[in-house]
Amino acid sequence: RLPTSTMAATQDKRTLYIGGLEETVTEESLRAAFVPFGEVLEIGMPIDQTTQKHRGFAFLQFESQEDAADAIDNMDGAELFGRVLRVNVSKPDALKEGGNRAIWEKDADKFYEHGEKQEVELEEVERWRNDGADGQPVGA
């Protein structure tokens, strides 16, 4: 779980998610790429426990929202170490709901149920086409 100060920072849009990082990118090189937009307070690069390398993304906290917005405008889609970056405001809901759970997972049951419902509706339509609206086979 992230410290309260980091959680507050994500809610005021100063903390950015930076994805698409090449494996040799370090905190220092990331800081150097983003410091032109404002003072960088903190950088977090989650480490893969197996490889002991960063996982290809980082969280970067600016001193102000304006600096963070400038960084997004200038760095989203930019290239760093030969890789195209994805830069956006970090999502506080994803951070709160448990670190290892995929964001889409919370809606998976809803999507699955919707898909099953569509299949049942299609079966009913097909049955109606075959049997006719009055329950009698079409053409009888």
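Some ground rules come before the tour. Local features need pLDDT of at least 70, side-chain atom pairs count only at pLDDT 80 or more, and totals for chains, interfaces and linings use all residues. Residues are numbered from 1 along each chain as its sequence is written, and side-chain values use heavy atoms, with hydrogens and water left out.

Confidence is the place to start. pLDDT is the predictor's confidence in each residue, from 0 to 100. Its mean over the protein chain is 78, and 60% of the residues reach 70 or more. Residues 1–10 stay under 50. For that stretch the model has 15 contacts beyond four places in sequence, a contact being heavy atoms within 4.5 Å. Where pLDDT is low, the predicted coordinates should not be read in detail.

Next, the layout. The protein chain holds five helices and six strands. Helices (H or I, at least four residues) and strands (E, at least two) are DSSP runs, numbered from the N terminus. Along the sequence the pattern reads α-β-α-β-β-α-β-β-β-α-α. Among contacts between residues at least 6 apart in sequence, 63% join residues at least 24 apart.

Now the sheet. Four strands form an open sheet in the order β2-β3-β1-β6, with antiparallel pairing. β2 and β6 (86–89) stand at the edges with a single partner strand each, so one side of each has no neighbour in the sheet. Neighbouring strands are turned by 20 degrees against each other on average, direction ignored. Strands count as paired if DSSP finds at least two bridges between them. β1 and β3 are joined by five bridges. Here Leu16 stands opposite Leu60, and Ile18 stands opposite Ala58. β2 and β3 pair over four bridges, with Glu42 opposite Gln61. β3 is mostly covered: five of its six residues are buried, that is, under 20% relative accessible area, where exposed is over 50% and partly exposed lies in between (1.4 Å probe, protein chains only).

Axes are lines fitted to C-alpha atoms, for helices over the stretch in contact, and angles run from 0 to 180 degrees between N-to-C directions.

Leaving aside its neighbours within four places in sequence, Leu30 is in contact with Ile18, Leu21, Val25, Ile43, Ala58, Leu60 and Leu80.

Glu79 counts as exposed because its relative accessibility is 58%. Its C-alpha atom is 9.5 Å from that of Leu21, 58 residues away along the chain.

Last, the totals. Of the 140 residues, 29% count as buried. The accessible surface comes to about 9700 Å², and 49% of it belongs to carbon and sulfur atoms.

Definitions and conventions. Areas by Shrake-Rupley, 256 points an atom, 1.4 Å probe, with all protein chains shown as cover.
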